2 protein chains.
Amino acid sequence: MKITSAHGSGGKMTSDLIHEIFEKHFSNHILNEMEDAAVLSLTTNRIAFTTDSFVVNPVFFPGGDIGRLCICGTVNDLLMRGAVPKYLSAGFILEEGLETEKLEKIALSMKEAANEAGVSIVAGDTKVIEGKGSVYINTSGIGLLNENRDISAKRTSEGDAVIISGYMGNHHACILSSRMGIENSIQSDCAPLNDIVNRLLQNDIDVHAMRDVTRGGLATVLNEIASASCTRIELSDTELADEQVTSFCNILGLDPLYMGNEGKLVLTVEKKDAQKTLELMKTSNYGQNAQII
Amino acid sequence: MKITSAHGSGGKMTSDLIHEIFEKHFSNHILNEMEDAAVLSLTTNRIAFTTDSFVVNPVFFPGGDIGRLCICGTVNDLLMRGAVPKYLSAGFILEEGLETEKLEKIALSMKEAANEAGVSIVAGDTKVIEGKGSVYINTSGIGLLNENRDISAKRTSEGDAVIISGYMGNHHACILSSRMGIENSIQSDCAPLNDIVNRLLQNDIDVHAMRDVTRGGLATVLNEIASASCTRIELSDTELADEQVTSFCNILGLDPLYMGNEGKLVLTVEKKDAQKTLELMKTSNYGQNAQII
């Protein structure tokens, strides 16, 4: 079945669509109440709150799809402040002509990523616009800050070590390859970073700044950190990208420093904590290729 | 200036756009930190959380624009659970070709509506897609629930009075008129409903169910309330729409019962509380035409 403007009318077709796809896969007692807003009882009154819209084209790509992406992206933003991601909202903008089978595949992907990241989707919204069958998703998220943790760019100071959790550019190179019809085996790195962050915080690593390296790449993020903390960041001469992405970048004249990722982070810690931090990151599934840069 | 794909790259043009339009108008100490997620210290740990995407076409219409709409819609969803709206996120999806002057006008409108509703925009995101110069906005919101209040559809019971805060269909009729090029003086009713709700709650009215009557109209909302509470709702023979909207509906063969609004609510209370509730609503600017139906 294809999405039509009637699915956005707010009438029976809207409620059928919500029931048959979103309620079915995201089901939890809060969402199932289907009220105008979800009522949440938190275990703390200090929270992190973030929002992100996902407009990736193509919607399905090697290593993931917009569904996995929209969960990981928002979960990672919460983690970067040291929060425990907990509740997500999902706002869908569907273009007319979208196959409901595709939408269901995306919803399933969201469900799996949400389970992996330990979050629940508790609020949702669905709109339909004219178009060519694409889909855009906004996810906003709430994370709990139990302790008096302050992870922010401005805490970076002179002499800090800068560590990345893995090679740069895989997501960006994967999307570009798909869009340009280039055949290779580059996969998106799209992943929730709960495990890496938990290992660091549970081991009392005093992380100064932490950012997920998405749109704009490492260069943009390091610029933001340097500017917020009035420091200057120098990179050592390391291989930032893996072999495949490096050769992809060489052919197209791209710089891995500016390539986006969806499951990589960069952090700053005092130099004395750098080695322990690196070892902890390397023990995590999504941090095996971590390096001090 | 027109929005181009470079404004969505995550690089300098993105940060300039954010700085010159969003930071300028939404400025507050939380947003200004420009971190991946906003850290919020709440005065309670019971909150309401909601999300809504706005895709209205045309973007500017008599009585408002997408900016006022996206603030009011999310604020009203929080109010409907008895929460005090406090923090909003704003996720912008901009189509290439959008005039930045239009975007700034929308941002200003958001700022004014946020001030009227007493909320701050503390998190944001901007993406760019191909298109014809339109804009879509997602707003998610957090409201505080200080008391042990339970306003939900399922609390409606037999014998309850059903009260609406004003005439139905003005927003929908206004948008349809704009889209069809029909000249009349129908204006959108787009408004934040803080004042009506505050008057009721401060006077200890035990509101059973409360919903803002948006997409799908009163019929859809009453159906949801009836279904959640296993009741049957009968409407008395009252004029649901004002004179202008009634004649607009008559000409086009539309039913005000199914017409959307953006600044109207419907609620249920015990019959004994109905008259006091109605009087309180009528003293509010956006509730002057309230009636028991």
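In this predicted model, the copies meet through the same surface, because 100% of the interface residues of chain A are also interface residues in chain B.

Aromatic rings are the next topic. A pair of aromatic rings is described by two quantities, the distance of the centres and the angle of the planes. Over all chains the count comes to five aromatic pairs. In one of them, Phe22(A) and Phe26(A), the ring centres are 5.9 Å apart and the planes stand at 20°; since planes under 30 degrees apart count as stacked, this pair is stacked. Phe22(A) and Phe26(A) are four residues apart in helix H1 (residues 12–26) of chain A, so about one helical turn separates them. An α-helix has 3.6 residues a turn, so residues three or four places apart point the same way. Both Phe22(A) and Phe26(A) are buried. Together with Phe92(A), they form one aromatic cluster.

Chain B has a stacked pair of its own, Phe22(B) with Phe26(B), at 5.9 Å centre to centre and 20° between the planes. These residues lie in helix H1 (residues 12–26) of chain B, four residues and about one turn apart. Phe22(B) and Phe26(B) are both buried.

Lys105(B) and Phe60(B) both belong to chain B; here the lysine lies over the face of the phenylalanine, 4.5 Å from the ring centre.

Helix H4 (residues 170–180) of chain A remains to be described. Its buried residues are Asn170(A), His171(A), Ala173(A), Cys174(A), Ile175(A) and Ser177(A). What do the buried residues of H4(A) pack against? Their partners in chain A are strand E3 (60–61), helix H2 (66–79) and helix H7 (243–252). After H4(A) comes Gly181(A), which has a positive phi, near 70°.

Conventions:
Residues are numbered from 1 along each chain as its sequence is written. Chains are lettered from A and ligands numbered from 1 in the order in which they are written. This is a predicted model: local features need pLDDT of at least 70, side-chain atom pairs count only at pLDDT 80 or more; totals for chains, interfaces and linings use all residues. Side-chain values use heavy atoms; hydrogens and water are left out. Rings of Phe, Tyr and Trp (its six-membered ring) pair if their centres lie within 6.5 Å; planes under 30 degrees apart count as stacked, over 60 as edge-to-face and the rest as tilted. Helices (H or I, at least four residues) and strands (E, at least two) are DSSP runs, numbered from the N terminus. Buried means under 20% relative accessible area, exposed over 50%, partly exposed in between (1.4 Å probe, protein chains only). A charge sits over a ring if NZ of Lys or CZ of Arg is within 6 Å of the ring centre and within 35 degrees of the ring normal. Contact means heavy atoms within 4.5 Å.
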